[in-house]
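The structure is shown first.

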Amino acid sequence: MAVDYSYLMQFVDETSFYNRIVLSHLLPANLWEPLPHFLQTWLRNYLAGTLLYFISGFLWCFYIYYLKLNVYLPKDAVPTRKAMLLQIYVAMKAMPWYTLLPTVSESMIERGWTKCYSRVGEFSWILYFVFIAIYLVFVEFGIYWMHRELHDIKPLYKYLHATHHIYNKQNTLSPFAGLAFHPLDGILQAVPHVVALFIVPIHFTTHLGLLFMEAIWTANIHDCIHGNIWPVMGAGYHTIHHTTYKHNYGHYTIWMDWMFGSLRDPLVEEDDNKDSSKKVE
């Protein structure tokens, strides 16, 4: 089958456009323009990922720990500055490796190895949204099982995932913990986004947007505030995951945990705690 190089150049043009937008505003031209295209793309992803992590983390912390203190969380549930700085340190060590994954995925897309497409108009709007739905179901399934195996396979937990689970109670979890993983752990949990490219036709820019939305989503589910929006896997569910280690492995929704028997509802947990307190009294 002949390769349509003119079509593949649309992807290269798009990534080059995104590179120019980010890098030209953050770095002098002589520092990035001489770099090969792959390195330009990685540098763009690294800088954009770092900015997104800090902006979303700081804004979220300012809102819940300062503007809304004692509204969402009591003062004794706020993590210490030391805990948050440690989370930032772990995330920043891993960020160069995290951002290598979208860089590799973009390179594969530019070579025509995936089912990714460049223009929304190539399919109808109905199919555009159908493909996104299938993509997200696949990602949800993949992340659930990847996360569960990182717990169930003891060496993976000990050498990779345990780095994240030192944050195991309400006053140590913060939005900055969302990306505080061993680099390989973070990459493994994002791999379903890339595998999906070979299975589901997905719009290129939409794929990139969904991949980077992970930074915002992971900040949200580590803030310990239970939004109670069915079927969203909010922070209430994920806080239970950090305290029991064997429930609520899901990512965006509770469906996978419900299907595979690992769901634990924070409202039920709260009722159980109240009952236990009454018995002690």
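Predicted model: local features only at pLDDT ≥ 70, side-chain atom pairs only at ≥ 80, totals over all residues.

Axes are here lines fitted to C-alpha atoms, for helices over the stretch in contact, and the angles between them run from 0 to 180 degrees between N-to-C directions. On the side of helix 1 the contact involves Phe 11, Glu 14, Thr 15 and Tyr 18, which meet Phe 204, Thr 205 and Leu 208 of helix 9. Sorted by class, the residues of this contact are 4 nonpolar, 2 polar and 1 charged.

Helix 1 (residues 5-26) also packs against helix 3 (residues 37-67), with axes that come within 9 Å and cross at roughly 55°. Helix 1 and helix 3 are therefore oblique to each other, and their crossing is left-handed. From helix 1 the contact draws on Val 12, Thr 15, Ser 16, Tyr 18, Asn 19, Val 22, Leu 23 and Leu 26, while helix 3 contributes His 37, Gln 40, Thr 41, Leu 43, Arg 44, Leu 47 and Leu 51. The contact of helix 1 with helix 3 holds 8 nonpolar, 6 polar and 1 charged residues.

Another helix pair is formed by helix 5 (residues 100-110) and helix 8 (residues 183-195), whose axes come within 10 Å and cross at roughly 25°. These two helices are therefore roughly parallel to each other, and helix 5 passes helix 8 in a right-handed crossing. Leu 101, Ser 105 and Met 108 of helix 5 make the contact with Ile 187, Ala 190, Val 191 and Val 194 of helix 8. By class, the residues of the contact of helix 5 with helix 8 are 6 nonpolar, 1 polar and no charged.

| Helix pair | Axes come within | Crossing angle |
|---|---|---|
| helix 1 and helix 3 | 9 Å | roughly 55° |
| helix 5 and helix 8 | 10 Å | roughly 25° |

Turning to the annotated spans, an unreviewed UniProt entry places the feature "transmembrane region" at residues 46-66, 125-146 and 190-212. Residues 46-66 are 100% helix and 0% strand, and the end C-alpha atoms of this span lie 29 Å apart. For residues 190-212, by contrast, the chain is 65% helix and 0% strand, with end C-alpha atoms 10 Å apart. The UniProt annotation "domain: Fatty acid hydroxylase", likewise from an unreviewed entry, covers residues 133-262, a span that is 55% helix and 0% strand and whose end C-alpha atoms lie 23 Å apart.

The structure holds 24 aromatic pairs. Among them is the stacked pair of Trp 42 and Tyr 46, at 5.5 Å centre to centre with 10° between the planes. Both residues lie in helix 3, 4 residues apart, which is about one turn of the helix.

Two points of backbone geometry remain. Trp 230 and Pro 231 are joined by a cis peptide bond, with omega about 0°, and Pro 231 lies in the loop between helix 9 and helix 10 (235-244). Tyr 245, in the loop between helix 10 and helix 11 (255-260), has a phi near 70°, a positive value in a residue other than glycine.

Conventions: Residues numbered from 1 in each chain as written. Heavy atoms only, no water. Parallel < 35°, antiparallel > 145°, perpendicular 65-115°, else oblique. Left-handed = near helix turned anticlockwise from the far one by under 90°. Contact = heavy atoms within 4.5 Å. Nonpolar A, V, L, I, M, F, W, Y, C, P; charged D, E, K, R; others polar. UniProt positions renumbered as here; feature names shortened; annotations may be inferred. Phe/Tyr/Trp six-rings, centres within 6.5 Å; stacked < 30°, edge-to-face > 60°.
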